[in-house]
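Open the model in your viewer and keep the selection tool at hand. The tour goes stop by stop: what to select, then what is there.

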Amino acid sequence: MDYANRKRPPKRTPPKKSTRGKSQQPTKPAVPWLVVLLAIILVGGFAWLLSAISGRSQQPTPQSVDVPPAQQQPQAQPQKDPLPEQPEEPWDYIEVLENQEVVVDVPERELGPPKLMQCGSFRNKSDAEEMRAMIAMMGLESQIRTTDGGNGVWHRVILGPYESKRDAERDRHKLERGNLHGCQIWNWN
């Protein structure tokens, strides 16, 4: 069966009712009298409530009634007690601390031997010069020390001497921020 080329079936119409014996007058819908009566009662109750509320606000209050001056009674004024005096504080640490000098005993740092920082050790002097230039671009001054050991000639790139390890650490962190890692801090020989 070819569903794509198939025609639509004709619309069905409902069968017509027979109208024999009935008149052709339209029917009126029934009025829901109960709903109408309930709506009238609610509107009337709301109007009564509003009038009752507005009537209360117009009635004179007992305070606003005019009384002849002869009949007025003097109102008793409440007796105001004076505030007691503020007691003195038994503590005197405020004055003592203001006038006291604090002495702190800080021991002196023990300075060890001077420190040096080695950032590289190369067989070729040109590699050592290249690292020295990188360190100079970061604002630090380095040296190349050539040593002749039992395993050949080495060119070491060093910084220092530093008086304390803290000073050497400060420069090492600066080098690490510039992506130069692997520097080691040693005692000066």
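Start with Leu-50, a residue of helix H1, which covers residues 33–58. Keep in mind that the model is predicted.

Now widen the selection to Phe-46, Trp-48, Leu-49, Leu-50 and Ile-53. Show the surface. Together these residues make a nonpolar patch there, with about 570 Å² of accessible area.

**Next stop: the disulfide**

How many disulfides does the structure hold? The count is 1. Select Cys-119 and Cys-183, the two residues it joins, and check the S to S distance of 2.2 Å. Then look along the S-S bond: the angle about it is 115 degrees, and the link is right-handed. Which parts of the chain does the pair link? Distant ones: Cys-119 sits in strand E1 (residues 115–122), while Cys-183 sits in the loop between helix H4 (165–177) and strand E4 (184–187). The two cysteines are 64 residues apart.

Colour both by accessibility. Cys-119 has a relative accessible area of 8%, so it is buried. Cys-183 is buried as well, at 6%. Both calls follow because buried means under 20%.

**Next stop: a charged residue in helix H4**

Select Asp-171, in helix H4. Asp-171 is buried, yet it has no salt bridge. Which side chain of opposite charge is nearest to Asp-171? That is Lys-174, 6.0 Å away. The distance rules out a salt bridge because one needs a side-chain nitrogen of Lys or Arg within 4 Å of a carboxyl oxygen of Asp or Glu.

Show what surrounds Asp-171. Setting aside neighbours within four places in sequence, it is in contact with Met-117, Leu-140 and Tyr-162.

**Last stop: two backbone features**

Go to Gly-160 and Pro-161. The peptide bond joining them is cis, with omega at about 10 degrees. Pro-161 belongs to strand E3, residues 152–162.

Finish at Asn-179, in the loop between H4 and E4. Check its phi: the value is positive, about 65 degrees, although Asn-179 is not a glycine. Is Asn-179 buried or exposed? With a relative accessible area of 62%, Asn-179 is exposed.

Definitions and conventions: Residues numbered from 1 in each chain as written. Predicted model: local features only at pLDDT ≥ 70, side-chain atom pairs only at ≥ 80, totals over all residues. Heavy atoms only, no water. Patch = residues over 30% accessible without salt bridge, like charges linked within 9 Å, V, L, I, M, F, W, Y side chains within 5 Å. Areas by Shrake-Rupley, 256 points an atom, 1.4 Å probe, with all protein chains shown as cover. Helix = DSSP H or I, 4+ residues; strand = E, 2+ residues; numbered from the N terminus. Disulfide = S-S within 2.5 Å. Buried < 20%, exposed > 50% of the residue type's maximum accessible area, 1.4 Å probe, protein only. Lys, Arg positive; Asp, Glu negative; His and termini not counted. Contact = heavy atoms within 4.5 Å.
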